[in-house]
Amino acid sequence: MAMQPDRRELGYEQTLMHGRFTQELKHYAKSEAARIRAEKERQKEVEDEFRRYQENTICHRIKANLLYAQKFVFEKVGEDWIFLAILGVLMALLSYALDYTIAKFQRAHVQLYNMLDGQPILQYFGWVGFPIVLVVFSAGFVHLVSANAIGSGIPEMKTILRGVILKEYLTFRTLVSKVIGLATSLGSGLPIGKEGPFVHLASIVSTLLGKVIVSFRGVFQNESRNSEMLAAACAIGVSCNFAAPIGGVLFSIEVTSVYFAVRNYWRGFFGAVCGAFVFRLLAVFNQEEETITALFKTNFRIDFPFDVQELLAFAFIGIVCGFGGALFVYTHRKVVDFVRGQKRVKRFLEKNRFIYPTAIALMISTVTFPLGLGKFMAGELTAKEQINELFSNTTLGETPEDVYEQLKPWHRPNVYITLVVFIIMEFWMCALAVTLPVPTGVFMPVFTIGAAFGRLVGESMAAWFPRGIPNSGTLNTVIPGGYAVVGAAALSGAVTHTISTSVIVFELTGQITHILPVMIAVLIANAISQLLQPSFYDSIIKIKKLPYLPDISHAGSATYDIFVEQIMVKNVKFISWLSTYKDLKELLDDSEHSSYPLVDSPENMVLLGSMQRGELEYLMEKKIGRARRLIVITEKKMSERGADEEDRVMRAMGQNATIVSFHRQQSDATSEPEGITISPAGDGALVETEDPYDTASSNRSNSSTGKRYKLPFGEFEDMTIEEQQAWEVEELKDQLDLKDSHIDPAPFQLVERTSLHKVHSLFSLLGLSHAYVTTLGRLVGIVALKEIRQAVEHSTRYRSKSRSETQDENHR
């Protein structure tokens, strides 16, 4: 039953948020209200007089005109357009600033190596020490400021867009940590990218922009609108990396969304175009480009880009890249599992956080040392220089005297050996580098590896057919750069399970001459990779154990033969309308669920709704919390002191306006429950609970006397442990009072014969975390993400179980 203090005492009335004393405070309240009204009227007169004085100033007129212009623009143009334009411009500025900083770091690395020319030992220490310092700084800074900045960011954004709340993931601290950590980790020259972290950065800036700018706050008041803006921010993040608005939007949709609302297309494209335009415009302003052009511009032959017979070679690239992409994901996951599986190693690395980044940076830097193995893999070139030369229209297979000076790093000893060594070494180095506790992306490293493999195939074709492949009497030389473009799109698409990489390479190179070979290779690579391994981002979701739904396409028709009754949890934790507070306390102590179903009775099990855990903890707090206990003690003390003492207490409480407040917990299941406070307006002590409900069972004190509390009418002792236990036992016998509680009357429900395919679609579309299973209104089970995930991953086992049950029924 709800707490109902004796109304005869001070006219106490229980309200939703706090109790109040009406009879003794009535006259005081009237006089106080009249005083406040008079004070407000006097203040208004002063403000009106000051406002009339200000209206004649120039500043006031300018401010008024600006406010009018702002209101007019917002009404005519629309909040969404302005918000996305500002977001695109900000991300373009941030992307260009990061690229500029990273280029400075990488150039300083090479200059340090060149300054020590002639001293191999010092050159080695300079080449190795520079990236170690940057990587260790990045790891330490990220750990101290915000560990949420570690990794790519795309897996977490995919989880957030599903409706899962990840605390502290889109905060300003994470933004600072991500920017500084990304600049230093990429500046070290390790084989990592920035497209994934930049998707995370765009989402953070979008969230902060909506909170900081008052005019845009309305954009984020609605949860659905917030999700739409985050989806657009992901597209802007990708487009600002490659100056590829179309490919950026498509790529963000493929890697972050299971189902995408077409109405969000314009938001993504508009913001992506703004970001890409400003990003390339900054290069023109900085005199890096003469005009707005592609990031890795190519000059392939347009009239005859490839021969029909070369399509077999392009298909071969797709096949190899498909297996290579699956192998990369598998290798990365095995590295992480090995480090986590070794308990001693894991404990050692947790205690010494800088050992692992130092070891990985030392290993990779030693391999790329230009005077060592690095001279066989063009180790002195930056990632951008590598891609530019792999996409070049010059045949690297020619003799070193016939090629340009900047292409000679690929001729040590010859282009074929250099490319093979480069592919093998970059493959395992990238798989190791993306496990570092720093902001890391994977797209550009695998993009470069794919380009190198494609270039290797192209150079081989150019060597086998130096004059071109015969075709109807005409000969056209092979273009090895086109093969590099195909390989880059195929391997990056295989690792990320996306088709949009084909569009990205067209925008990166500024040519679509190889559109058919690229599409063929990407489709083949995706088909093979999806059969063997999940995408790199889904693999990280599994590693981090984030809530997710696996792809159901590979399960085929098996998902139509699996029903909810086979996968649901039948032993459901519930509360009933007839439950007592004791039952509720046992339920909260024995389980950690965020919500619970409400039924009419344990016998009928008719589903009436669901209640959040915070709501149930609030009920327990009202019933046996410290505030409730102190009220009981106060009533007991007053009854013992007699009528004269009671009058004195009522006067003291009326003067001090003691307030009893019950702080209802918010619906966020992850937040900690708030306590109940009793605080007098005077000098009385403030008392707060440290746990949800300060009960005798949670009180670990062995003292036989209770704590002392100071109230406006005197000091007294709290109940002893024995008294508190006895009081709680009596209070917990009462039946739950749910009349003032927040109850969801329509939780999502399924029937027993709902197929797994339909359940997967509903959870994906609606972003559900769980659903109740009912039969004729009776609760029979519950299905959550965990059950659906296990069912999809073991669909064959469930299908065989279903068939055996069907055969048994037929035999009967």
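**View 1. Lys545 lies in the loop that links helix H20 (536-544) to helix H21 (564-567).** Helices are DSSP runs of H or I with at least four residues and strands are DSSP runs of E with at least two, both numbered from the N terminus. The structure is a predicted model, in which local features need pLDDT of at least 70 and side-chain atom pairs count only at pLDDT 80 or more, while totals for chains, interfaces and linings use all residues. Residues are numbered from 1 along each chain as its sequence is written, and side-chain values use heavy atoms, with hydrogens and water left out. Most residues other than glycine have a negative phi. In Lys545, a residue other than glycine, phi is positive, near 60°. Lys545 counts as exposed, at 74% relative accessibility, where exposed means over 50% relative accessible area, buried under 20% and partly exposed in between, with a 1.4 Å probe and protein chains only.

**View 2. Leu776 sits in the loop between S12 and S13.** Here too the residue is not a glycine and phi is positive, with a value near 55°. Leu776 is exposed, its relative accessible area being 86%.

**View 3. Strands S11, S12 and S13 form an open sheet in that order, with mixed pairing.** Two strands are taken to pair if DSSP finds at least two bridges between them. S11 and strand S13 (778-784) are the edge strands, each pairing on one side only. Between S11 and strand S12 (residues 770-775) the pairing is parallel and runs over two bridges, and Leu750 stands opposite Val773 in S12.

View 4. Strands of a sheet pair through backbone hydrogen bonds, either parallel or antiparallel. S3 and S4 pair in the parallel sense over two bridges, and Ile575 has Leu598 as its bridge partner in S4. Strand S4 (residues 595-599) pairs with S5 in the antiparallel sense over five bridges; Leu598 stands opposite Gly609 in S5, and the bridge partner of Val599 in S5 is Leu607.

**View 5. Helix H3 (residues 79-115) and helix H4 (residues 120-145) have axes that come within 8 Å and cross at roughly 160°.** That angle makes H3 roughly antiparallel to H4, given that angles over 145 degrees count as roughly antiparallel, under 35 as roughly parallel, 65 to 115 as roughly perpendicular and the rest as oblique. The contact (heavy atoms within 4.5 Å) is made by Phe105, Ala108, His109, Leu112 and Tyr113 of H3 together with Gln123, Gly126, Trp127, Phe130, Pro131 and Leu134 of H4. By class this contact of H3 with H4 has eight nonpolar, three polar and no charged residues, where Ala, Val, Leu, Ile, Met, Phe, Trp, Tyr, Cys and Pro count as nonpolar, Asp, Glu, Lys and Arg as charged, and the others, Gly among them, as polar.

**View 6. Asp737 lies in the loop between helix H25 (721-731) and strand S11 (749-750).** Asp737 is buried, with a relative accessible area of 15%. In sequence Asp737 and Trp577 are 160 residues apart, whereas in space they are 8.6 Å apart, C-alpha to C-alpha.

**View 7. The chain as a whole has 28 helices and 13 strands.** Of its 812 residues, buried ones make up 50%. Among the contacts in the chain with a separation of 6 or more, residues 24 or more positions apart account for 73%.

Technical notes
Axes fitted to C-alpha atoms, helices over the stretch in contact; angles between N-to-C directions.
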